[in-house]
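Subject: Handover of a structure and findings

Dear colleague,

Please find below the structure that I am handing over to you. I would be grateful if you could read the notes that come after it with the model open.

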Amino acid sequence: MALTPHVYWAQRHDDIYLRVELTDAQNISVKVHENVLRFRAQGRGAKGQNEYEFSLEFLLPVKPEISYKSTQRQVNITLQKEQRGWWEKLTVHERKPVFLAPDFDRWLDESDAEMEIQEREEKLKAKHGPDNAFDNPKLGFLFSYNLVQFLGFSWIFINMTVRLFIFGQDFLYDTFHSISKVMFFCQILASVEVLNAAFGVVRTRVLPSLIQVVGRNFILFIIFGSLEEMQNKPVVFFVFYLWSSIEIIRYPFYLLSYCDIEWKTLTWLRYTVWIPLYPLGVLAEAVAVIQAIPMFDETKLFSIPLPKPIGTSVSFSYILYIYLVLMVLGLYINFCHLYKLRMRRIHTKKKAT
Ligand SMILES: CCCCCCCCCCCCC[C@@H](O)CC(=O)SCCNC(=O)CCNC(=O)[C@H](O)C(C)(C)COP(=O)(O)OP(=O)(O)OC[C@H]1O[C@@H](n2cnc3c(N)ncnc32)[C@H](O)[C@@H]1OP(=O)(O)O
């Protein structure tokens, strides 16, 4: 004959929690039909290893969907009330069933539960401010910024992919002319990210964003923008493609996180695809710098004139050699930063679940 386990309960305005004292429960069946919950499982309870069951007729309607989780020590069941509110007791019966008792670990009275809701809402507000973009200028600003960048980089990425399919290798030599205007726009706008970090608009460090923005704009404006000969090189294609590949993931990730939506695949991609893309990006940028060195020597563009008695000028290519060293340093700093972010965002979450 089936025995009855000890059951403990608590409530919130929306939910009912039941804790069934059964160790190593197996073959669990929990169903709600016509507002009656029926539980049956095998496990070790107060009367040893056995089959245990109970039923409860709730005071007020609950939703038919049930979630339960079996741990080594107990089975935790959560039900949702059909209508939000506070119940004076759990069951319809005049006297409470003998196997049922309050779960003092989770027990709150009505006013404490209200305070709990308020605290949760305040925490959310402290994190994001008021949750409506129209009420919160910061949220509205970040949302618009990320949306514009997402659209810009998506245009670049899709345009480049389609052109590559249509024109084949020829497009490698023509990337700058067809894409650069939008890339200039997006990369100038990206300077906002350094300001966001500096003024605490987003919780992040300034240096990684500064390295990225200064690094990319140096390549875009100085190497590609000022040397016409560089603009027809295939390296432009690789640099633009690598930059936009990460941004079509990063910006929608920010957009969703500001709507409090977490899409696990996107989070994984945001904190993983940099592993191949970042070194490749830096490599492509380094190739561009190396290709530009003889051009700066030849054209004497940006060369620094020395005083007349010395009579010559210092080629800009020396700056480029220094820049190549800085790139390695920048790669190291941002790689470590991204690695820490990945550990925090992916690995700690895995542990928590
Ligand atoms: C001093 C100047 C020296 C100059 C030296 C120059 C040296 C040059 C070195 C050149 C290296 C650059 C190479 C690079 O250009 C190559 C490439 O880009 S190749 C393509 C691959 N690239 C990547 O994968 C990197 C992409 N970029 C990033 O990942 C980031 O921009 C990064 C630079 C790493 C900064 O990331 P961040 O610190 O912001 O991390 P999170 O994204 O996790 O954000 C932290 C929290 O802030 C919130 N946040 C951040 N930005 C926004 C935003 N725009 N909108 C909303 N919220 C934002 C984010 O949600 C996090 O909040 P929470 O923790 O609450 O979730």
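The notes below cover a sheet, a pair of helices and the surroundings of the ligand.

The model is predicted: local features need pLDDT of at least 70, side-chain atom pairs count only at pLDDT 80 or more, and totals for chains, interfaces and linings use all residues. Residue numbers start from 1 along each chain, following the sequence as written.

Helices (H or I, at least four residues) and strands (E, at least two) are DSSP runs, numbered from the N terminus. Two strands are called paired if DSSP finds at least two bridges between them.

The sheet

An open sheet of five strands has the order E6-E7-E2-E1-E8, with mixed pairing. Strand E6 (62-70) and E8 are at its edges with a single partner strand each, so one side of each has no neighbour in the sheet. On average, neighbouring strands are turned by 25° against each other, direction ignored.

Within this sheet, strand E1 (residues 7-11) has four of its five residues buried (20 or more other C-beta atoms within 10 Å of a residue's own, with C-beta atoms placed from the backbone). E1 pairs with strand E2 (residues 15-20) in the antiparallel sense over five bridges, and three residues lie between the two strands of this hairpin. Val7 has Val20 in E2 as its bridge partner. E1 also runs parallel to strand E8 (residues 100-102), to which three bridges join it. There, Val7 stands opposite Leu100, and Tyr8 stands opposite Ala101.

The helix pair

Helix H2 (residues 137-167) packs with helix H6 (residues 235-257) at an angle of about 145°, and their axes are 8 Å apart. Axes are lines fitted to C-alpha atoms, for helices over the stretch in contact, and angles run from 0 to 180 degrees between N-to-C directions. Residues that meet include Phe143, Phe150 and Met160 in H2, and Phe240, Tyr251 and Leu255 in H6; contact requires C-beta atoms, placed from the backbone, within 7 Å. By class, this contact has 14 nonpolar, five polar and one charged residues. Nonpolar means Ala, Val, Leu, Ile, Met, Phe, Trp, Tyr, Cys and Pro, charged means Asp, Glu, Lys and Arg, and the others, Gly among them, are polar.

The ligand

The ligand is surrounded by 35 residues, of which the closest are Thr204, Gly215, Trp274, Gly281 and Gly330; a residue counts if its C-beta atom, placed from the backbone, lies within 6 Å. This shell divides into 19 nonpolar, 10 polar and six charged residues.

Yours sincerely

Methods
Two residues are in contact if their C-beta atoms, placed from the backbone, lie within 7 Å. A residue is buried if 20 or more other C-beta atoms lie within 10 Å of its own, exposed if 12 or fewer, and partly exposed in between; C-beta atoms are placed from the backbone.
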